[in-house]
Amino acid sequence: MNFEYYAPTKVVFGKGSEEKTGELVKDQGGHKVLLHYGSGSVVRSGLLDKICQSLEKAGLSYVMLGGVVPNPRLSKVREGIQLCRKENVDFLLAVGGGSVIDSTKAIGYGLANEGDVWDFYERKRQAEGCMPLGAVLTIAAAGSEMSDSSVITNEDGWIKRGYSSNYCRCRFVVMDPELTYTLPDYQTQSGCVDIMMHTMERYFNLSDNMELTDGISETLIRSVMKNAKILKQNPTDYNARAEVMWASSLSHNGLTGCGTGGGDWASHQIAHELGGMFDVAHGAGLAAIWESWARYVYREAPERFAGFASRIFDLEEKDTETLALAGIEKMEDFYRSVGMPTSLKELGVEPTEAQIHEMAEKCCFFGCRTVGVIKRLDAADIEEIYRMARE
Ligand code: NZQ
Ligand code: ZN
């Protein structure tokens, strides 16, 4: 299929690369920087101090705003917009993971456009720009460092929505795998699931003739599975951290989507509602949903699921359906082996029927859209997937 591939972010990868941050901001023409970060991990690790020093060395001034939480909130975005206006900030620097980067992107939209920033996430209108931003990445997971998207949760109704445009792409990202050594195991593994899922969402589609893209995707998924297991045993294995970190960016910068028509993305949409309602870690939510989604839809594309089973898990069952199902089971086994949930119960949430109904309605924008391409899912389908995932 025809495609456009646009990945303009400069990547500075490797040990000690965070020391270059100040110069990188300066290269982008920044003078007054917003240093945006999360709930404290970068303070405890000493990274924030290092970044401040790097900015000072480059002759740049800055203001700081911490307190971004996972499933980043709209109220923090609004606070950031106000602060940046008051302080005449002209460059935004995210120091953290997907949540911090997404909050930074939303602040960037708020600064570069008139009116309420939530309009973009509600699809009321399109952004016409974004203040330039860069990132120092501390967790390999969401891929926001090279993606065109940001996902924000509005506390008013607990609605979690994504918005995508090329304006918000990071100008640069600093990726030092050593910065991820301090991650709790659950976050490391959650991140690995998210990376795999960004590739799998694109892999499960209804087009064909994309040998190279499939090959890149399959290698990426296998590599992340292998290294997730290594990190389970040894969180400070540099090579494993490095492989996973690079995979985080490549899985969500469009590379694994070239020629696929875009991919399915239903699991993400369904899992986002869990993040909005129950505040779960994004990757863990995906792990808890994927198998139920896969079992619900695989009959629409059995060959694709069978190919996945044979090329990811080297399975050789006789008939297509058995092979397809065996692949889904293997993925479940893998998630369990790294301590990831394969049901909502294991995820720690037990939604009531009313909550399932509410999540499905929100997911379909209250009847305005279906999700997924392998099978177009409406609210009734989504409710069924949540029910299947309950046990
Ligand atoms: O806030 P701090 O204290 O930094 O703690 C964070 C947070 O609790 C911690 N952490 C991060 N780096 C650490 C660390 N702890 C110790 N050492 C480190 N080096 O990890 C926790 C999770 O951080 P978060 O940024 O939330 O993780 P992630 O990168 O998984 O981002 C998840 C968010 O991104 C969205 C998700 O929906 C979710 O809201 N996504 C964004 C996408 C995008 N913009 O392209 C695509 C994804 O599909 C996803 O939807
Ligand atoms: Zn994701």
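View 1. Glu383 is buried, at 13% relative accessible area (buried is under 20%, exposed over 50% and partly exposed in between, with a 1.4 Å probe and protein chains only). Its partner here is Arg387: the two side chains meet in a salt bridge, 2.8 Å from N to O. A salt bridge here means a side-chain nitrogen of Lys or Arg within 4 Å of a carboxyl oxygen of Asp or Glu. Arg387 is partly exposed, with a relative accessible area of 25%. Both residues sit in helix 16, four residues apart, or about one turn of the helix. Salt bridges with shared partners join Glu353, Glu383, Glu384, Arg387 and Arg390 into one network. Helices are DSSP runs of H or I with at least four residues, strands are E runs of at least two, and both are numbered from the N terminus.

A quick note on what you're looking at: this is a predicted model, in which local features need pLDDT of at least 70 and side-chain atom pairs count only at pLDDT 80 or more, while totals for chains, interfaces and linings use all residues. Residues are numbered from 1 along each chain as its sequence is written, chains are lettered from A and ligands numbered from 1 in the order in which they are written, and side-chain values use heavy atoms, with hydrogens and water left out.

View 2. Searching the whole structure turns up 22 salt bridges. In one of them, the side chains of Asp314 and Arg222 meet at 3.3 Å, N to O. That pair links distant parts of the chain, 92 residues apart: Asp314 is in the loop between helix 12 (302-313) and helix 13 (320-337), and Arg222 is in helix 8 (residues 211-233). Asp314 is exposed at 51% relative accessible area, whereas Arg222 is partly exposed at 35%. Another salt bridge brings Lys345 and Glu391 together at 3.9 Å, N to O. Here Lys345 comes from helix 14 (residues 344-347) and Glu391 from the segment after helix 16 (379-390), 46 residues apart. Lys345 is partly exposed, at 47%, and Glu391 is exposed, at 66%.

**View 3. The zinc ion, ligand 2.** Four protein donors lie 2.0 to 2.2 Å from the zinc ion: Asp194 (OD), His198 (NE2), His268 (NE2) and His282 (NE2). Along the chain they follow the spacing D-x3-H-x69-H-x13-H. His198 lies in helix 7 (residues 185-203) and His268 in helix 10 (residues 266-278), so this pair ties together parts that are 70 residues apart in sequence. Both histidines are tucked away: His198 is buried at 2% relative accessibility, and His268 is buried at 5%. Donors are N, O and S atoms within 2.8 Å of the metal (3.2 Å for Na, K and Ca); water is not among the atoms, so sites may look incomplete.

**View 4. The shell around ligand 1.** Ligand 1 is surrounded by 33 residues, each with a heavy atom within 4 Å of it. The closest are Ser41, Gly98, Ser99, Ser147 and His198. Taken alone, ligand 1 exposes 950 Å², and the protein buries 90% of that. Helix 5 (98-112), strand 6 (149-154), helix 7 and helix 10 each supply at least two shell residues.

Technical notes: Areas by Shrake-Rupley, 256 points an atom, 1.4 Å probe, with all protein chains shown as cover.
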